[in-house]
Amino acid sequence: NAGMQIARGRFLLFLDDDDLMPPGTLSRLVAALEAHPEAGVAYGCFENIWPDGRRETGFGADRHLAGDLLEHFFRQIPHLIMAGLFRREAMDGLFFDEQLPSIQDSDFYIRLAARTSFCFIPEITLWRRITKNSLSQGDDPRRKLDWGRCLERYYWRLGGWQRLPPWLAADRLGRWWLRLAGEHLEQGERAAALALAWRSLRYRPLATSGWRRLWQAWRL
């Protein structure tokens, strides 16, 4: 946020201190935005680089989309924010929410997708170096809870109900809380599983999978 406030350029790009950009990336992203004046973000693929030198392309072709991506981002964790270039006017007044305990970049991307479209270039725009201390490599259940709360906050409090079909929001949120209920159940955390199953049924009251999960948690 501090960098966004003092930056003076026409475009903004985020780069973590342990990641790298392939040569020529900036010029290709700028060219993409100039060729698509309707888009506020140009992004590409990224490649994970492990300490042993192994390389792995991140995400799949189902994430390489262009246009209005709000509904897509509501279904899946958004793309890596470091793999894109952003038009300054598209981000006017938009900042990362420093009150969130995690997934600040995903929350930012959803709110950005509500105001602008995206264009995609089929090239690697980020080399993402993975280390044992990389925050994204942990399977912290709190991050999953934060993601669900982020989706609920966007839909109910930040105007998402005006942009997204009710059935889409109910299906996404119901399935997400049901998935977390199952994970907590596998860990033997009955109280958490019960609470999450009930939360899921609020969105999908006719889903037999939700009632079955609730019954499984209750029987423990």
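S2 and S3 form a hairpin with five residues between them, and Gly-53 in the turn has a positive phi of about 95 degrees. Helices (H or I, at least four residues) and strands (E, at least two) are DSSP runs, numbered from the N terminus. Two strands pair if DSSP finds at least two bridges between them. The model is predicted: local features need pLDDT of at least 70, side-chain atom pairs count only at pLDDT 80 or more, and totals for chains, interfaces and linings use all residues. Residues are numbered from 1 along each chain as its sequence is written, and side-chain values use heavy atoms, with hydrogens and water left out.

| Partner of S2 | Sense | Bridges | Residue pair |
|---|---|---|---|
| S5 (residues 117–129) | parallel | nine | Phe-46 opposite Leu-126 |
| S4 | antiparallel | three | Val-41 with Phe-86 |
| S3 (residues 55–57) | antiparallel | three | Glu-47 with Thr-57 |

In strand S2 (residues 39–49), eleven of eleven residues are buried; buried means under 20% relative accessible area, exposed over 50%, and partly exposed in between (1.4 Å probe, protein chains only). Cys-45 is buried, with a relative accessible area of 12%. The sulfur of Cys-45 is too far for a bond, because the closest cysteine sulfur, in Cys-119, is 13 Å away. Cys-119 counts as buried at 4% relative accessibility. The whole structure contains zero disulfides, a disulfide being a pair of cysteine sulfur atoms within 2.5 Å.
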